[in-house]
Amino acid sequence: MSSGFIGAKSGQTAPGMGVRAAVVYALVAHRLSMFYDNGYWMTSAQGATLCSEWLLDAGHHVSQAERKFLSEVSDQVATQIKTTLTRQAGLYMAHELMESLDPRYVSEIGATVMDECVQVLKSAM
């Protein structure tokens, strides 16, 4: 994930809802990709570490509790998706979400998942 994806500006701290939702979305994409491509489910700690790396690269400084929270929200969304899809559909979904991490790639599926990320994030806050 690039800092351009999450709309960050250098030196910025305390990311807002848009940045949080983007991080959750990217973690969902990575969780599903790892699961469908490698049969491995990312742990909450691994998700928090990725979250930390992405946010630091974007100039955001967040607490460990916030990173863990975002990781857990992404786990919730990814689990919801995983339990509703066949393996073939899951492979397609994971690929589509990873492609849509590029801001130039337009994806209706990605937009739907982003909306779900925002809703779950709002309800968890």
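**Asp102 and other charged residues**

Me: What makes Asp102 partly exposed?
Reply: Asp102 has a relative accessible area of 28%, and partly exposed is the class between buried (under 20%) and exposed (over 50%), with a 1.4 Å probe and protein chains only. Asp102 is therefore partly exposed. This is a predicted model, in which local features need pLDDT of at least 70, side-chain atom pairs count only at pLDDT 80 or more, and totals for chains, interfaces and linings use all residues. Residues are numbered from 1 along each chain as its sequence is written, and side-chain values use heavy atoms, without hydrogens and water.

Me: What makes Arg104 and Asp102 a salt bridge?
Reply: Their side chains are 2.8 Å apart, N to O; the definition asks for a side-chain nitrogen of Lys or Arg within 4 Å of a carboxyl oxygen of Asp or Glu, so the pair qualifies. Arg104 itself counts as exposed, at 70% relative accessibility.

Me: Which parts does the salt bridge of Asp75 and Arg31 tie together, and why?
Reply: These side chains meet at 3.4 Å, N to O. Asp75 lies in helix α3 (residues 64-84) and Arg31 in helix α1, so the pair joins parts 44 residues apart in sequence. Arg31 is buried, at 0% relative accessibility, whereas Asp75 is partly exposed at 27%.

Methods
Helix = DSSP H or I, 4+ residues; strand = E, 2+ residues; numbered from the N terminus.
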